[in-house]
Amino acid sequence: MKRHARIFCAATAVAVMVGGGAACGGEADGGPGPDDLATLAIGGTPDDGGGGFVPLGGDAPLIPGSQGGFHVWLKYRITGMAPGLVKVRHSARRASDARLVLTAERRQELGPATTDGYWELPAALPAFMCPSPLGVRVVDETIRFRIEVLSADGAPVAQGEAEATPRCPSGTHADFCARICSG
Amino acid sequence: MMNLARCALFLGFLAASWVGIGPRQAEACGCFTPPDPSVPIVQAGERILFAIEEGVVTAHIQIQYAGSAGEFGWLLPLPSVPTLELGTDELFAQLIQETQPKYRLTTAFEGNCRFGRGGFGSSPPSADGGTSGGSNSSGKGPLVIQDSIGPYDYAVLRGDSKDEMLKWLADNRYFVPVGTDQTVGNYLGPGKYFLALKLRSGQSAGDLQPVVVKYPSDYAMIPIELTSVGAQPNMGVQVWMLGGSRAIPRNYYHTVINDLAIDWYAAGRNYNDVVIKAVAEAPEKHSFLTEYAGTSRIMQDRLDFPRRFGDPAAHAAAPSAIGFVQSLQSASFPFSSQVTTILGRYIPMPPGLERKKITPAQFYLSIDYFLSDDYRSQFPEDFEGWAGINYQPQKMVDELWERVVKPTLAAGALFRKFPYLTRLYTTISPEDMNLDPVFSFNKDLPDVAHEHQATLTYYCGVLGSDDPARTPARLVTEQGWSVDYPNGTGNTQPPPPRDVAGSQRIEVLGEEGPPRVIQEILPDRGGCACRVASVPSARSAAAGVGLALLGAALAMARARRRGRS
């Protein structure tokens, strides 16, 4: 009896995984598939949030910022898109359990591509990390950042993901950062 | 054995979760800066309306201050150089009124009740959930902008260096109270800014009006640690959030108060005490309540209804001061302190009226009476020392438009732009102001009504009763608690239970998904009476039929007694 139950359970799990996978990858709404989307690369920038572009990954410094909080600088490069006004949606989730850390949306005017073939966000965006959501530790945790570019009618036209691990700064802000970024 | 292991695993998980959401400390809004650093001004409370759109936060901040104009100062840390505009007190008056928690007790009668239909709770309810009780520089120094707006001089300062900033404030008579030196530290650093306000020369405390600050940020946050400098115990913090869905406290707990603790008979008079108790039950005493969450339409047309404020040219053309004030009245101007303070500079109130405790609003609303020849001849002493009228209608119109009309219309427009309004509330003491509350949204959460209802049913039985004080009754609250009064509710209004928890539920609200409940108490299943040890007349459950029978028996007994006498 127990053996039958285990077989049934395993079969159900496989079915759910297969079904789930199909649902995730499906294009039931007829929208663009991943191949149709423009390429978006997520990057960071040196601590001052100024110029420069470094692919986001590994350790990401938590920068003291908004009203006593901490953020990670985000930038992005888009290849294969025409200039124009778009909506950009950012989100960040803790990789271990997909708990939401950040969600934000804003409009962005995309300019023409450079000779290198991409358009780059001129100034880095502060991705708000801390004070972190209640019960969600952010510091020293792998965070999955996602940026989606949507057309005026809300259709996705570009998206990219990158993972990084926010780290508190050393020095005067270290203790404070650890306190408010630990959920 | 297996169950025990699972149980242990579950408990371990719970413990781990609790540790994970355990104690933190942090810092945090504007603080008042009196000139005498040893005497912090008591700050009555915080009232802020946030609207967030596309990475820009718009904050309407009501400055509540009790003190002399010369002693007023205000400091707000910001993530970037803000834009500053004037706000309006009327916004907050309307918000408070339209979203105020209300507790209504409906009285029902079963059987032959021969007493009134206007019992407890028939008076208009209003739980007072409110607070007890508001030049560019490219040089090297901290100054970024110094300018004036409405009644204020203001400066935006770089927060790179505490010493430089505090010195600039002191040199320019923006005073800093004791304690700021310690609390300001976490708001300092490269790329950080402070907005400092003081009243302009010649302005009075009555000129204080809300400010509107706009700055880029994805989240609204109250830097509450700075507030602790002049705060009082259990200070109320009221936050309204405008957006596309219900707002949440991102890093504070969320509490649903236990409505059994509410004084339903007095329309929720003890509401604030219940809130204080409920918040104290949350970890770190860090929790907000949602007092209203729903459509922002309830605020539409409250501030900017059609043809409000009329035509400025028509007001300016009024032939006399009395005619001017009456012209404002007919255009639905509020006679708030902002309006009366402006009017007072040109049409001052006679000093004797102040001595008679006539308020400025009362004076201007009845100006034709107080300035009539009859009144003057009858009470000449009221006019002793009166400067008289300096009638300058165009100047008055200009000031009114800048300080009242434009801010009010702009505030009203917010409720057409943003579809959803949330009202959050907490009370917090200075020692607990160690974590800046951050607010966000969650579209998965349901609306929250601000009007609440309980029912008190009298069971008069078949033979009837004519005395509500002795008639068995049952109170059933909105959350399903019931309290039985088998011997009646007595001659005085029964108090609410004293020893019940203030919170019905403590939970964590995320930016998606349903609440995660941390602690919850529920009424007994079946809706039967709860056990309320502190209610003298409340006993264990008795079903409606039983109460009706008891009522009938009591009625019979009284009828017999009356027969004997």
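Author: Let's start with pairing: two strands pair if DSSP finds at least two bridges between them. Keep in mind that this is a predicted model.

Reader: Fine. Which strands form the open sheet in chain B, and in what order?

Author: Three of them, in the order β11-β17-β13, with antiparallel pairing. At the edges sit β11 (220-221) and β13 (246-249) of chain B, each pairing on one side only.

Reader: How many bridges hold β13(B) and β17(B) together in that antiparallel pairing?

Author: There are four bridges between β13(B) and β17 of chain B, which covers residues 438-442.

Reader: On to helices. How do I read a pattern of buried residues along one?

Author: Start with the geometry: an α-helix has 3.6 residues a turn, so residues three or four places apart point the same way. Now look at α6 of chain B, residues 271-280, where B:Y271, B:V274, B:V275, B:A278 and B:V279 are buried. Viewed down the axis of α6(B), those buried residues fall within an arc of 130 degrees, so they line one face of the helix.

Reader: What covers the buried residues of α6(B)?

Author: The cover includes four strands of chain B: β14 (253-257), β15 (287-295), β16 (420-428) and β21 (503-508).

Reader: And which residues are buried in α9(B)?

Author: In α9 of chain B, residues 337-346, the buried ones are B:Q338, B:V339, B:T340, B:T341, B:I342 and B:L343. They pack against helices of chain B, namely α2 (89-99), α8 (321-330), α11 (360-365) and α14 (393-417).

Reader: What about chain A: how many helices and strands does it have?

Author: Two helices and 11 strands. Reading from the N terminus, chain A runs α-β-β-β-β-β-β-β-β-β-β-β-α. Of its 183 residues, 37% count as buried. As for contacts in chain A with a separation of 6 or more, residues 24 or more positions apart account for 70% of them.

Note on methods. Residues are numbered from 1 along each chain as its sequence is written. Chains are lettered from A and ligands numbered from 1 in the order in which they are written. This is a predicted model: local features need pLDDT of at least 70, side-chain atom pairs count only at pLDDT 80 or more; totals for chains, interfaces and linings use all residues. A residue is buried if 20 or more other C-beta atoms lie within 10 Å of its own, exposed if 12 or fewer, and partly exposed in between; C-beta atoms are placed from the backbone. Two residues are in contact if their C-beta atoms, placed from the backbone, lie within 7 Å. The arc is that of the directions from the helix axis to the C-beta atoms.
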